[in-house]
Amino acid sequence: MDLSMVSTREDAEFMFRALHLAERGLYTTDPNPRVGCVIVKDGQIVGEGWHRQAGGPHAEIEALRQSGDRADGATAYVSLEPCCHHGKTPPCTDALISAGIARVVAAMKDPNPRVAGEGLKKLKEAGVDVACGLLENAAAALNPGFCKRMKTGRPYIRSKLAMSLDGRTALPSGESKWITGEDARRDAHRLRARSSAIVTGIGTVLQDDPELTARLPEQAGEILQPIRVVLDSRLRIPATTRLAGGGNRTMVLTAVSDEERTQALSDSFDIETLPATLDG
């Protein structure tokens with residue numbers, strides 16, 4: 001199967017558009033990847049779309065709906081290899097073939113083992129001209145967590161530390177609020193909004209009583225809030241903390257088997273008891 005990378009200026013321009021569309025799902029598709037699709041015929045865009053949220057139509061389906069009959073004989077530019085399996089939605093490969101798409105250019109193979117080249121193979125076997133690899137690095141950068149999880153079974157982790165130039169995270173008095181500037185805080189909220197979960201320790205909860213939500217005014221109502229996780233080995237979290245409300249439910253990981261305390265907190269938190277290896 002020939003999946004050689006294409007590199008014409010026109011191909012690059014249309015793939016850039018597909019990647020730009022994929023970015024629109026940056027805060028809403030979890031746990032699915034962000035994907036964009038552009039359908040082109042005779043040098044003109046006839047349909048485009050992006051994956052908006054898990055369980056909803058994939059980018060290819062959105063683009064095909066917009067293009068209608070004009071998809072016959074057209075080229076589809078997709079930022080991720082089209083899926084070929086039944087999940088919450090039918091295979092995108094079948095939809096592309098049925099619509100008469102003549103050529104598919106994918107930025108990268110899907111790292112999901114259920115796809116992993118099989119989508120492109122299915123298209124090729126149906127007589128569709130396929131190519132893969134154009135702007136691959138840019139496409140992968142849109143989905144670092146998805147890619148790592150699919151390849152290794154482990155999460156992609158970012159560590160956010162607010163500290164001064166001398167490596168301090170607070171004043172000698174313990175005061176630490178607003179140690180960073182407004183721009184840095186906004187960047188932190190963008191990273192939160194792109195994440196599946198936010199993890200913190202019980203010390204931070206007791207000291208600062210944080211919300212651990214992603215707050216971006218320009219994206220209000222569009223952000224899929226990440227799960228909040230607290231490492232609390234001795235189950236000291238108070239039911240009055242702000243983590244008991246707002247955003248998603250909060251998961252508390254503890255090493256204490258205290259049925260009475262767990263029951264008292266169960267209305268506010270999802271508590272998971274782990275082996276006694278944590279210290280906090």
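How much space lies in the largest cavity? About 40 Å³ of space lies there. Please bear in mind throughout that this is a predicted model.

**Stop 1: the cavity**

Select Leu 26, Tyr 27, Thr 28, Thr 29, Asp 30, Arg 34, Ala 193, Arg 194, Ser 195 and Leu 224, which line the largest cavity. Colour these residues by class: four are nonpolar, three are polar and three are charged. With a threshold of 30 Å³ or more, the count of cavities comes to one.

**Stop 2: a salt bridge in a helix**

Next, select helix α1, residues 9-22. Show the side chains of Arg 9 and Glu 13, which meet in a salt bridge with an N to O distance of 3.3 Å. Why are these two residues separated by about one helical turn? The reason is that Arg 9 and Glu 13 are four residues apart in α1. In general, side chains of opposite charge can pair when their charged atoms come close. The model has ten salt bridges when counted with a limit of 4 Å between the nitrogen and the carboxyl oxygen.

**Stop 3: the five-stranded sheet**

The five strands form an open sheet in the order β2-β1-β3-β4-β5, with mixed pairing. Strands β2 (44-50) and β5 (129-132) stand at the edges with a single partner strand each, so one side of each is left without a neighbour in the sheet. On average, neighbouring strands of this sheet are turned by 15° against each other, direction ignored.

Strands of a sheet pair through backbone hydrogen bonds, either parallel or antiparallel. Which arrangement, parallel or antiparallel, joins β1 to β2? Strand β1 (residues 36-41) and β2 run antiparallel and are joined by six bridges. To find one of the paired positions, select Val 38, whose bridge partner in β2 is Glu 48.

Helix α2 (residues 59-67) lies across β1, β2 and β3 (75-78), and runs at about 140° to β2. Helix α4 (residues 118-125) packs on the sheet as well, where it touches β4 (103-106) and β5. The direction of α4 makes about 155° with that of β5.

**Stop 4: the second largest pocket**

Move on to the second largest pocket, which holds about 490 Å³ of space. Its lining comprises 25 residues, and those closest to the centre are Asn 32, Pro 33, His 58, His 85 and Asn 112. Which elements give two or more residues to this lining? They are α2, seen at the previous stop, and α6 (144-152). Helix α6 supplies the largest share, three residues. Divided by class, the lining has ten nonpolar, nine polar and six charged residues.

**Stop 5: the four-stranded sheet**

Finally, select strands β6 to β9. These four strands form an open sheet in the order β6-β7-β8-β9, and the pairing is parallel. The edge strands, β6 (197-201) and β9 (269-273), each pair on one side only. Neighbouring strands here are turned by 25° against each other on average, direction ignored.

Within this sheet, highlight strand β7 (residues 227-231) and strand β8 (residues 250-254), which run parallel and are joined by four bridges.

Methods
Residues numbered from 1 in each chain as written. Predicted model: local features only at pLDDT ≥ 70, side-chain atom pairs only at ≥ 80, totals over all residues. Heavy atoms only, no water. Pairing = 2+ DSSP bridges. Axes fitted to C-alpha atoms, helices over the stretch in contact; angles between N-to-C directions. Contact = heavy atoms within 4.5 Å. 1 Å grid on protein atoms, 1.4 Å probe; cavity = no way out; pocket = protein on both sides within 12 Å on 5 of 7 lines; lining within 4 Å. Points joined across faces, edges and corners; volume = space filled by probe spheres on them. Nonpolar A, V, L, I, M, F, W, Y, C, P; charged D, E, K, R; others polar.
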